[in-house]
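I opened this model to look up its sheet, its cores and its aromatic pairs. My entries follow in the order I made them.

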Amino acid sequence: MALEPPPRLIRALGETPRDADTDDWLRKLPELAEEAVARRDLTVERVQVPGGRSSLVVLVRLADGTPAVLKLVPPRSRPAGERAALAHWGGLGAARLLDPAAADGALLLERLQRDVSVRSLPEAKSMLEAAGTLRRLWVAPPGGHRFETVAERTGRQAEAMRACPDPDAAPLVQAALAAREELLAGAPEERLLHGTFRQSKVLAGDRVPWLAVGPDPVVGECAFDLARLVRDRVEDLIATPSGAAVTRRRIKRLAESLDVDQERLRGWTLFRAVESGVRALRVGRVQDAELLLEFAGWL
C-alpha cells in the first residue's frame with residue numbers, strides 16, 4: 001500500500017514559507033512511512049484522510065492486533081519535543097506513546113476516535129471537558145528539559161509581528177507586543193504546556209473519555225496555554241451580536257474554573273489572537289485574519 005501524503009497536508013505545508021528540510025521530508029514521506037512501519041512490525045490499515053495539516057497519520061495495528069496510529073511529522077514541527085512531552089505525561093490527559101525508545105521522527109500512539117472531538121458536544125459541555133483535559137497536562141517539566149519556553153516562542157513570533165505590513169493591524173500589534181512584555185516581566189509559574197490546545201485537539205478514547213493529541217509543547221505559565229481555548233469557535237463568536245460579551249464571560253469562567261489570573265489570560269489571549277491573525281495575513285488567508293483581528297479588538 002502506497003503511504004502517500006493526503007492533499008490537505010500538501011496544501012497546508014505549501015501555505016507556509018518553504019524550507020529545504022520540509023521539501024525533502026515531503027518528497028521522502030512515503031519511503032519514511034514504509035520504513036517506520038517495517039521497523040515497528042506494523043500492519044497498515046489506511047492513511048487517515050483528509051488527515052491533519054501538519055502530519056501524516058496512518059492507521060495501523062501492532063503485531064498483537066492492537067489498533068494504533070503512526071504519526072510522521074516534518075522536522076520543523078519539532079517531533080522530538082512532542083515525543084518528550086507525551087513520554088513525560090505517560091498517558092495522563094494525552095494519547096499514550098507506544099514507542100518511547102524510538103528515535104526516527106515517527107510517533108506510535110494509542111488510537112483514539114479521530115472523528116469525535118469535544119467540538120461535537122454542546123458549547124458549554126465542550127468547554128468544560130476541554131478545560132478538564134488541559135488541567136491534567138499542566139505538570140512540572142522534567143529536570144534538565146530542552147523544551148522551548150513561552151518567552152522564546154513568543155520572542156520569535158513577536159519579531160514576525162513587527163514586520164506586519166498592514167497599517168490597519170498596527171494598533172493591535174502594538175497592544176499585543178506591550179501585553180507580552182508585561183506578562184513576561186511577571187511570569188508566575190513554569191509548567192509543561194500543550195502549546196496548541198483547542199477543542200479539536202481533544203479526542204474521544206477508550207481508556208478515558210477524552211485525551212489530548214498533537215502537542216507543540218512549551219514551558220511557561222498556564223494562562224498562555226488556556227488562551228488558545230478562549231477563541232475556540234471564533235467564527236461563531238464573530239457571527240453573534242453579543243460575541244464580545246460572550247468572550248469576556250468565557251475568559252472569566254475559564255480563569256475561575258482553572259485557577260488562572262483573569263487579566264493574564266486576557267493578555268495572552270490578545271497576544272495569541274493577534275499573532276495568529278498576522279500569520280494568516282502573511283500566508284494569504286485573509287478571511288481568517290479578519291476574524292482573528294476582529295476578535296482581538298474585543299480584548
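I started with helix 3, residues 79–89. I find helix 3 lying across strand 3 and strand 4, at about 30° to strand 4. I keep in mind that this is a predicted model.

Next I looked up helix 2, residues 20–39. Helix 2 lies across strand 1, strand 2, strand 3 (67–72) and strand 4. I note that helix 2 runs at about 150° to strand 3.

I see 4 strands in an open sheet, in the order 1-2-3-4, with antiparallel pairing. Which strands stand at the edges? They are strand 1 (43–47) and strand 4 (106–110). Each has a single partner strand, so one side of each is left without a neighbour in the sheet. From one strand to the next, the twist averages 30°.

I checked one pairing in detail. Strand 1 and strand 2 (residues 56–61) run antiparallel and are joined by 4 bridges. Across this pairing, I find Arg46 opposite Leu59 in strand 2.

I moved on to the cores. The largest nonpolar core holds 61 residues. Among those touching the most other members I list Trp138, Leu226, Leu254 and Trp268. Leu265 and Val274 belong to that group too.

I looked up what Leu265 touches, leaving out residues up to four places away in sequence. I find Ala223, Leu226, Ala227, Val230, Ile251, Leu254, Ala255 and Val260. Another core, of 19 residues, lies apart from the largest one; Leu3, Val47, Leu70 and Leu72 are among its members.

Last, the aromatic rings. How many aromatic pairs does the structure hold? I get 3. Phe224 and Trp268 form an edge-to-face pair, 5.2 Å centre to centre, with 85° between the planes. Phe224 is in helix 7 (residues 222–230) and Trp268 in helix 10 (residues 262–282), so this pair ties together parts 44 residues apart in sequence. I find both Phe224 and Trp268 buried.

Trp268 also pairs with Phe271. Their ring centres are 5.9 Å apart and their planes stand at 90°, so I log this pair as edge-to-face. Trp268 and Phe271 are 3 residues apart in helix 10, and so about one helical turn separates them. Phe271 has 0% relative accessibility, so I count Phe271 as buried.

Key: Residues numbered from 1 in each chain as written. Predicted model: local features only at pLDDT ≥ 70, side-chain atom pairs only at ≥ 80, totals over all residues. Heavy atoms only, no water. Pairing = 2+ DSSP bridges. Helix = DSSP H or I, 4+ residues; strand = E, 2+ residues; numbered from the N terminus. Axes fitted to C-alpha atoms, helices over the stretch in contact; angles between N-to-C directions. Contact = heavy atoms within 4.5 Å. Core = buried A, V, L, I, M, F, W, Y, C linked by side-chain atoms within 4.5 Å. Buried < 20%, exposed > 50% of the residue type's maximum accessible area, 1.4 Å probe, protein only. Phe/Tyr/Trp six-rings, centres within 6.5 Å; stacked < 30°, edge-to-face > 60°.
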